[in-house]
Structure formats: structure tokens, C-alpha cells
Amino acid sequence: MWLLAMTAAALLAGAVEQLCPDGPVKRAVRLVCGLVLLVTMLRPAAQLRDLAWGDLFSMEREAAQESVEQGTQMGAEQMSAIIAEEAGAYIVDKAAEMGIQCAAQVFCSETEEGLILPQAVEVAGEMTAQQRQDLTELISGELGIPAEEQSYRQGGEES
Amino acid sequence: MLLMVIPALVLPGLASGPEEAYSDQVEQVYQAAGEYGDDLDPSEGLSLETGLASLAERVRNQMKEVVADVAGSCVRLLAVVLLCGLVAESFSPAGGDRMGVVRLVGVISITAIALSDTGELIGLGRQTIGEMEAFSHALLPTVAALTAASGSPAGAAANQLATMLFSSVLVTLIDGLLLPMVYAYVACCAAAAATGNEGLRRVGGLLKWCITAVLSAVLLVFVGYLTISGVIAGSSDAVTVKTAKLALSGVVPVVGGILSDAAETVLAGAGVLKSTVGLFGMLVVLGMCVAPFLQLGLHYIAYKCTGALAATVADSRLTGLIDNIGAAFGLILGMTGACAFLMLISMVSAVSLVVR
């Protein structure tokens, strides 16, 4: 519609100019037509001034930050799962070397330095008191999980 | 956050793959691609060659229809200028006053024929820009998330900010200023051809220059901003990586090894997925451009050729009008191309971000 209106206005201006007799009237008509066309052409530029350019920048910056946080969060979750899985497998392997058949579930959390580390473990399996002592020391020494964060489940009972 | 940028140097491959972790976001990108992603199956190993072959097939399928459409317009335009030429010839040299009327009728006829093409092609260009913008809202956050997960959070943020910002600015400028300027340009050319007014012809030339200058300026500033912000963000990411390495060196060795494995798996997996999604995005953007580029490009060439052919038999103002309307198609092509260029550069930039 805009294209039609603009073209019609321009053609109309051209036709009016064509029909006018030469002389001062024609020059006046040409001036008026030129001004009308100019105003019509510049109108969209005036509308751009009303846009909130500053808001646009902060909005896009927030959106970018949100995307990055989401990606970082997803990566951290994935990493936490991998670390828990690997650390659990490590405990089970070491326990097997000690003659213990067990399952281990490791829980990770993020430290103040931003590192995701194993923080707690639940070990389920039958073992003697000495074996448990050895395993507790191994987990503390090699995985950095303190003894108080280690829980053991034997025959359905937690200790 | 800090750990995500550890460039671990050992062992790949653990159970939990990045495809699962980011499946929702990636699925959104594939959904947003709509029909343009139908021929592209990322699960079956997407490559640039297969993607381009699919695009070539798309071009081949659409070519015949577009050529027929363009030829129809050219024949109508040539018929008008030939008819005007014949009538003008029959009036001259005695009917000098009637030449103006013949020319006016010719201009109205050419404008009427071109208007249907112009309206249709501007609509097509605008639709493509809208489709690209909508697709970018799904693609860019996903690529940014994957880039962040692959170890370049600052680079990801800078890239998405620059692309979304400039994309918004460009679309706003196109909608609010450049398209009306194209309309005004066509109107000025028509009026100048009808009246022979030199001022109108110059205004038309100025409008065309303004459109080209605005598009070039936006793209230049975008590339400049992306390059500078990328360098700054790259330095920031490098510092974060060093800090993470330092923090990692203080961890118990066994845990350090596990952390390295996990970081390597996550970074590598997200990086591979980022490349796949980035390539998919580029191919979809190119796929979106096929129809408008064919339509606008062929119309542009055809109008230019018709103008040149008609110049041998018809009035120079009429042939000049055909030529100028062809240039308007070139301007719309430039706008669509600018939007596509912005997206493609952004994807190339995101995909090429590597943790050092």
C-alpha cells in the first residue's frame, strides 16, 4: 500500500507538473510537489528516532548472558555426572582390589574456586570393620572426601 | 563456571554425551529450521558438501519456474516500450506536444508492470529476513550455550550480543527506513521518467546511495565490533583457563585426573555439537536465501538486460526507468544478503572459537 501511495503521489506530481503552463506557476507547483515528496520520504526516518536503542542493547546483552549461563550450567551438570560416575567406578575398582564387592554413589558440588569436586559418597556392600577403615582412608586420601561425608550401607542398614 | 573452561588434555569418551545434555535446545533449532532443514539430517553426519549439494538441488528445482516468471515480465516491458516507440515515431516530428503524453502513458504502464514484481519481491525479501530473524532466535542462543560449554563463555556472549544486536538494528533499519527508501526510490525514478525532472532523478540516486551506504556501514561496523569484541573475549577466556589450570593443580592427583577426563569429554563433545549445529544453521540460512536470491537476482539481471535491449528502439527515459527499477531489485537483494551475511559470519565466528 505504501509503495502504491508513494508511486501514485510521485506520478500525480509529475502529471500536475506536466499539465501546468510554463512560467512562475509551474515553478511553484514543482516546489510544492518536491516538498510533499521529500516529507513523505523522510517520514520513516523520523519514526526511527522513537525506538529505544539503549534498551535494545541491554536486552540483547541480558539474552546473551542468559544463553551463556545456560550453556555453562548444562556443561557443569554434565561434568558433575561424569565426575560422579568416574569417581564411583574408581572406588568400586579399588574396593574390589581389597576384596570388597560394593556399589558406590558419589555426590559432587562446586567449590568456591569454581571446581566441581566429589563431596560425599554412599558405599553399599558387605565388608569387615578393617576393610571399611581401609576404604575410608583410601577415599579420603585419593578422592579428598572426608570420612564424615562417607556413609556405608551393609545389609540394608546405614552406618 | 571456572571449571568449564579447563582445556583438559586427556581421555575422551564417557557415557553421558553432549547430545543428551543439550538435546532440548538442539531440537529447538532443528524445529525452527522448518522446511529448510528437511534435506539436512545432522544425525547422519552433516557435511558442507552434502549441504551444498542439497542447496544446488533446491536451486535446480526452482530455476525453471523463476525463469518463466521473469521472462513474462520482460516480454510485457519490451512490448510497452516498443509500442510507445511506435506511437512516438508516428507523431514525430510534428507531434512534439504529444510525446509527453506518450511518455507518461509509457511510464505508467512500465510502473504498473514493475509494481506487481516489486511488491511481490519486496514481500519475498521481507519474508526471508523475517524467517532468518526468527531462526536466529533459536539458533544463536543454542550456539552461544554450546560455545560457552565448549570453553569460551566470554567469546560466546560477545558473539551472540554482536549478532543479535546488529541483526535487530539491521532489521529495524530495513523495516523502518530502507524499504520505505526503496519505495521512494522507485517513485522518484517513475516521477523523474515522467517529468524529466533532474532534481527527482538526483533524489533517486541519493536514496540508492543512502541505502547502499547504510547497509555497508552496518556490516562494516558489525564485522569490526565482532573482531574487536572477539579478541577481548578471547583474552578473557584465556585468563579464565589459566586460573582454572592453577586451581586444578592444587587438587588431589586422582581427582585431578578425573576432572581432566570430564572436562575433556564435555569440552570436546560440546565443541563437536557446536560445529554440527553451526553448520546446520549456515546451511539453513543459505537454504532460506535460495528462493529470494534466485527471484531477485534473475529479476535484477533481466530488468537490466531489458533496459539495455529497449534502449536500441525506445525513449531513453523509459529504458532508464526499467534500468532503475532493476536496481531497486538489487537493493532488496542487498538487504536480504546483508542479513544472511550477518548470520553466516556469526556462525563462522562461533564455530571457529577454540579454547587455547
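Modeller: **Where chain B touches chain A**

The contact draws 59 residues from chain B and 53 residues from chain A, where two residues are in contact if their C-beta atoms, placed from the backbone, lie within 7 Å. This is a predicted model, in which local features need pLDDT of at least 70 and side-chain atom pairs count only at pLDDT 80 or more, while totals for chains, interfaces and linings use all residues. Residues are numbered from 1 along each chain as its sequence is written, and chains are lettered from A and ligands numbered from 1 in the order in which they are written.

On the side of chain B that touches chain A, two or more residues each come from α1 (18-21), α4 (96-149), α5 (153-195), α6 (198-249) and α7 (253-310) of chain B; helices here are DSSP runs of H or I with at least four residues, and strands are runs of E with at least two, numbered from the N terminus. Of these elements, α5(B) gives the most, with 21 residues. By class, this side of chain B has 46 nonpolar, twelve polar and one charged residues, where Ala, Val, Leu, Ile, Met, Phe, Trp, Tyr, Cys and Pro count as nonpolar, Asp, Glu, Lys and Arg as charged, and the others, Gly among them, as polar.
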